[in-house]
Amino acid sequence: MSSFKSVDKICTIITQKNLNKRIYLHFMTKSKFRVIQATQREATDIAQVLANKTAQKILEYVSDTSATESDLVKKLKISASTIHYNIKQLKNSHLIVEDAMHYSPKGKEVIHYKATEEHIIISPKSGFNLAEK
């Protein structure tokens with residue numbers, strides 16, 4: 001099971017365990033973390049999505065700005081069906097989220113996507129669970 005915790009909670013855990021990792025805390029903000037065991041299906045799914053070059057391009061683009069599928073087709077010069085498929089995979093892996101929605105002149109919903117604002121940690125150990133702390 002993955003867990004979501006703020007940096008404040010992680011700072012407390014690091015201090016409590018005296019791990020002397022304070023250098024990492026210097027650049028962290030109120031980001032969220034998702035901790036996943038390497039043996040979980042979710043870790044495999046994320047790895048498969050990130051192995052796809054098109055998904056990587058989409059994720060890189062939406063990490064800077066919100067974009068619609070049409071925007072991505074134009075900017076990345078990739079077919080609409082390929083963009084649609086990869087957006088679905090990225091959404092299923094919780095790597096991108098729906099940021100906004102507007103209606104086209106024809107009355108169709110147009111979704112804007114952006115990268116999630118969380119850090120993903122894949123841990124080989126089953127005992128690493130921030131939710132327990």
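I looked up helix 4 (residues 53–64) and found 12 residues reaching 18 Å from the first C-alpha to the last, close to the 16 Å expected at 1.5 Å a residue. The expected span is 1.5 Å times one less than the number of residues. Helices (H or I, at least four residues) and strands (E, at least two) are DSSP runs, numbered from the N terminus.

I note that this is a predicted model, in which local features need pLDDT of at least 70, side-chain atom pairs count only at pLDDT 80 or more, and totals for chains, interfaces and linings use all residues. Residues are numbered from 1 along each chain as its sequence is written, and side-chain values use heavy atoms, with hydrogens and water left out.

I then listed the buried residues of helix 4: Thr54, Ala55, Ile58, Leu59 and Val62. They cover an arc of only 130 degrees around the axis, so they lie on the same side of helix 4. The arc is that of the directions from the helix axis to the C-beta atoms. Buried means under 20% relative accessible area, exposed over 50%, and partly exposed in between (1.4 Å probe, protein chains only). The face turned away from the buried side carries the exposed Lys53, Glu60 and Asp64.

The partners include helix 3 (41–50) and strand 4 (109–115).

Finally, I looked at the loops. Lys77, between helix 5 and helix 6, has a positive phi of about 55 degrees although it is not a glycine. Lys77 is exposed at 72% relative accessible area.

Definitions and conventions:
Contact means heavy atoms within 4.5 Å.
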